[in-house]
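Here is a short report on one protein chain.

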Amino acid sequence: MSTNSQDQEIDLGQIGKGINNFFQAAIDSFFKFIFFLKKKLIVLIILGVLGVVAAFLLGSKSYTHEVSVIPNFKSNEYVYTKIAQINTKLREKDRAFFSQIGIQNSDRIQKIEIEAYPALFPFVNDKENENNFELIKLMTEESGMDKIMNEESIGMNYYHHKITITTEGMLSKEAFITPLLKYLNTSTYFETQQKINLKNVQDKIVLNDSLIAQIDKIIGLLSSNSSNTTVSISEKNSLPELVQKKDELIYANQFLLLKESNFDKIVKEESSVINIRKFDPLLLNPKVFLPLLLIFGYLLGYALFQAAKNRNEQ
């Protein structure tokens with residue numbers, strides 16, 4: 001019995017001694033590392049500065065610029081084709097083409113993209129294209145709603161679209177966006193379509209205003225003769241119908257006035273936001289990542305060198 005107790009005391013003593021040695025070694029290593037950093041402080045500072053300088057020199061200063069547009073007169077496919085052509089000219093570095101359309105410093109432009117805002121319901125409910133609903137219904141049965149929402153051939157025909165331009169450095173609106181929109185709005189065919197559609201809308205507004213004025217006169221006559229026993233029952237019953245028709249014409253004119261304001265351009269600019277800078281998370285920021293990478297590389301290299309040196313000495 002006494003022998004077992006002595007063995008247990010020896011085991012516990014060894015364990016306690018091992019734990020103590022471990023913590024002592026950890027403390028010694030910590031202070032050695034602190035002294036090492038103090039000794040190599042100048043080297044580490046130089047590496048940090050070099051990393052920051054390298055980040056400024058090598059880091060990309062890309063900015064994005066977004067333009068929301070409405071392609072009028074069924075010019076959607078035309079706009080997408082033009083954007084694809086501009087991207088081709090960018091890859092070919094065709095400076096003559098860009099100078100011709102009024103864009104200078106085209107070498108600063110990295111890419112240009114266009115995509116539709118995902119607005120399926122306005123597309124389905126478009127009164128001018130009543131077949132859209134049947135088309136979407138048929139495609140949904142075959143492919144599912146998720147695929148339809150991302151289908152490029154469908155998205156191309158949406159009402160609102162976003163043009164995204166990526167450039168090296170900041171950009172003024174007059175330097176690229178204004179000449180780009182001018183280029184997209186230059187088309188003999190669509191300029192003719194614009195004139196015809198604009199005139200049709202204006203003529204319809206004038207006609208509706210004339211009908212509204214006539215309805216007002218009829219309502220006035222019926223109201224003034226309401227006390228007259230000669231007014232027939234059918235005339236009295238037609239008064240609510242006239243009021244309803246007037247409301248419909250007023251609503252139609254409001255819609256037509258909105259169309260008229262949009263029809264002043266083939267590709268109507270809704271809004272534009274320029275010089276949007278994307279900032280990386282802290283650790284992925286080159287100004288932080290590169291200095292840390294250089295310092296870590298130096299520490300790792302030094303540790304491997306010391307380990308190899310100690311092995312050779314043994």
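## P71 and its contacts

Not counting residues up to four places away in sequence, P71 touches N76, V79, Y159, H161 and I266. Contact means heavy atoms within 4.5 Å. P71 is found in strand β1. Helices (H or I, at least four residues) and strands (E, at least two) are DSSP runs, numbered from the N terminus. At 8% relative accessibility, P71 counts as buried. Buried means under 20% relative accessible area, exposed over 50%, and partly exposed in between (1.4 Å probe, protein chains only).

How far apart are P71 and I266 in sequence and in space? They are 195 residues apart in sequence and 6.3 Å apart in space, C-alpha to C-alpha.

## Basis of the model

This is a predicted model: local features need pLDDT of at least 70, side-chain atom pairs count only at pLDDT 80 or more, and totals for chains, interfaces and linings use all residues. Residues are numbered from 1 along each chain as its sequence is written, and side-chain values use heavy atoms, with hydrogens and water left out.

## The chain overall

The protein chain holds twelve helices and four strands. Of its 314 residues, 27% count as buried. Take contacts between residues at least 6 apart in sequence: 82% of them join residues at least 24 apart.

L44 gives another pairing across the sequence. L44 lies in helix α2 (residues 41-58). It counts as buried, at 12% relative accessibility. L44 and F296 are 252 residues apart along the chain, and their C-alpha atoms are separated by 9.6 Å.

Most residues other than glycine have a negative phi. F73 is not a glycine, yet has a positive phi of about 60°. K74, also a residue other than glycine, has a positive phi near 60°.

F73 lies in the loop between β1 and α3. K74 has its place in the loop between β1 and α3 as well. Which of the two is buried, and which is exposed? F73 is buried, with a relative accessible area of 13%. K74 is exposed, with a relative accessible area of 63%.

## The nonpolar cores

A nonpolar core is a set of buried Ala, Val, Leu, Ile, Met, Phe, Trp, Tyr and Cys residues joined through side-chain atoms within 4.5 Å. The largest one has 35 residues, and I112, I163, I165, F176 and L180 touch the most other members. Two or more residues each come from β1 (62-71), α3 (76-92), α4 (95-100), β2 (109-116), β3 (161-168), α9 (177-184) and α10 (188-224). The largest share, six residues, comes from α3.

F176 is in contact with I103, I109, I112, I165 and L171, leaving aside its neighbours within four places in sequence. A second, separate core of six residues includes I212, L222, L242 and L249.

## T164 in β3

T164 has its place in strand β3. Is T164 buried or exposed? T164 is buried, with a relative accessible area of 12%. Leaving aside neighbours within four places in sequence, T164 is in contact with T64, H65, E66, K111, I112 and E113.

## α9 and its cover

α9 is mostly covered, with six of its eight residues buried. These are I177, P179, L180, L181, Y183 and L184. What covers the buried residues of α9 includes β1, α3, α4, β2, β3 and β4 (267-277).

## How α3 meets α9

Two packed helices are described by the angle between their axes and the distance between the axes. α3 and α9 pack at an angle of about 130°, with their axes 11 Å apart. Axes are lines fitted to C-alpha atoms, for helices over the stretch in contact, and angles run from 0 to 180 degrees between N-to-C directions. α3 and α9 are therefore oblique to each other. Angles under 35 degrees count as roughly parallel, over 145 as roughly antiparallel, 65 to 115 as roughly perpendicular and the rest as oblique.

Which residues make the contact? α3 supplies Y78, K82, I83, Q85 and I86, while α9 supplies L180, Y183 and L184. By class, this contact has six nonpolar, one polar and one charged residues. Here Ala, Val, Leu, Ile, Met, Phe, Trp, Tyr, Cys and Pro count as nonpolar, Asp, Glu, Lys and Arg as charged, and the others, Gly among them, as polar.
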